[in-house]
Amino acid sequence: MTANCPSRKNASAREYGVTSNVSSWQIPVNGHAPEDVVVDGEGRIYAGVDDGRILRLSPDGRRIDVIADTGGRPLGLELYGEDELLVCDARAGLLVVPLSGGSPSVLATSALGLDFVFCNNAAVAADGTIY
């Protein structure tokens with residue numbers, strides 16, 4: 001499986017809606033079906049693959065680190081604060097992983113008295129509220 005990654009040299013043009021000169025390249029990540037990707041302030045790319053691993057790719061794509069293994073199926077990803085990654089795992093629920101790597105911590109497996117059936121995506125507001 002490969003992940004399509006934007007070219008760093010054209011990132012600023014893309015941010016302003018200019019897409020005609022945006023190039024991309026494919027990076028083999030030794031995993032299948034990354035559902036979501038996020039990019040941190042240093043240009044590192046995070047993705048979850050179908051075997052439960054959360055991967056961090058260097059901005060140039062030459063280094064791939066496994067920062068965590070959820071033991072489930074990571075789907076939605078969001079940056080959470082300065083040093084954590086929020087992970088929606090289809091089987092394990094809502095998790096948080098340190099960006100530096102480590103074991104996932106469970107934030108929630110239910111809400112309003114109902115178990116999550118399939119945790120797929122979340123959004124984090126500026127005040128830290130998770131939707």
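**Reading a sheet, its salt bridges and its core**

Guide: Let us begin with strand S5, residues 53-57, which pairs with S6 in the antiparallel sense over five bridges. Please keep in mind as we go that this is a predicted model.

Visitor: Which residue in S6 is the bridge partner of Leu57?

Guide: The bridge partner of Leu57 is Ile64, and this gives you one place at which to follow the pairing of the two strands by eye.

Visitor: In what order do the strands of the open sheet run?

Guide: A sheet is read by going from strand to strand across it, and here the four strands follow one another as S3-S4-S5-S6, with antiparallel pairing. At the edges lie strand S3 (37-39) and strand S6 (64-69), each of which pairs on one side only. Neighbouring strands in this sheet are turned against each other by 25 degrees on average, with direction ignored.

Visitor: How many salt bridges does the count come to?

Guide: The general idea is that side chains of opposite charge can pair when their charged atoms come close. In this structure the count comes to five salt bridges.

Visitor: For the salt bridge between Arg53 and Asp51, which partner counts as buried and which as partly exposed?

Guide: The side chains of Arg53 and Asp51 meet at 2.8 Å, N to O. Arg53 counts as buried because its relative accessibility is 15%, which is under the 20% limit for that word, whereas Asp51, at 41%, counts as partly exposed.

Visitor: And the salt bridge between Arg63 and Asp65: how far apart are the closest N and O atoms?

Guide: They are 2.9 Å apart. Here Arg63 counts as exposed, with 54% relative accessibility, while Asp65 counts as buried, with 17%. Elsewhere, salt bridges that share partners join Asp40, Glu42 and Arg44 into one network.

Visitor: Which residues make up the largest nonpolar core?

Guide: In soluble globular proteins, nonpolar side chains tend to be buried together. The largest nonpolar core of this model has eleven residues in all, among them Val38, Tyr46, Ile54, Leu77 and Val97. The elements giving two or more residues to this core are S6, strand S8 (84-89) and S9. There is also a second, separate core of eight residues, which includes Cys88, Leu94, Ala108 and Cys119.

Visitor: What does Leu77 touch, not counting residues up to four places away in sequence?

Guide: With those left out, Leu77 touches Asp36, Val38, Tyr46, Ala47, Gly48, Ile54, Leu85, Leu86 and Val87.

Visitor: Is Val97 buried or exposed, and where is Val97 found?

Guide: Val97 is found in strand S9, residues 93-98, and it is buried, with a relative accessible area of 0%. Setting aside neighbours within four places in sequence, Val97 is in contact with Ile67, Ala68, Asp83, Glu84, Leu85, Val87, Gly102 and Pro104.

Key: Residues numbered from 1 in each chain as written. Predicted model: local features only at pLDDT ≥ 70, side-chain atom pairs only at ≥ 80, totals over all residues. Heavy atoms only, no water. Pairing = 2+ DSSP bridges. Axes fitted to C-alpha atoms, helices over the stretch in contact; angles between N-to-C directions. Salt bridge = Lys/Arg side-chain N within 4 Å of Asp/Glu carboxyl O. Buried < 20%, exposed > 50% of the residue type's maximum accessible area, 1.4 Å probe, protein only. Contact = heavy atoms within 4.5 Å. Core = buried A, V, L, I, M, F, W, Y, C linked by side-chain atoms within 4.5 Å.
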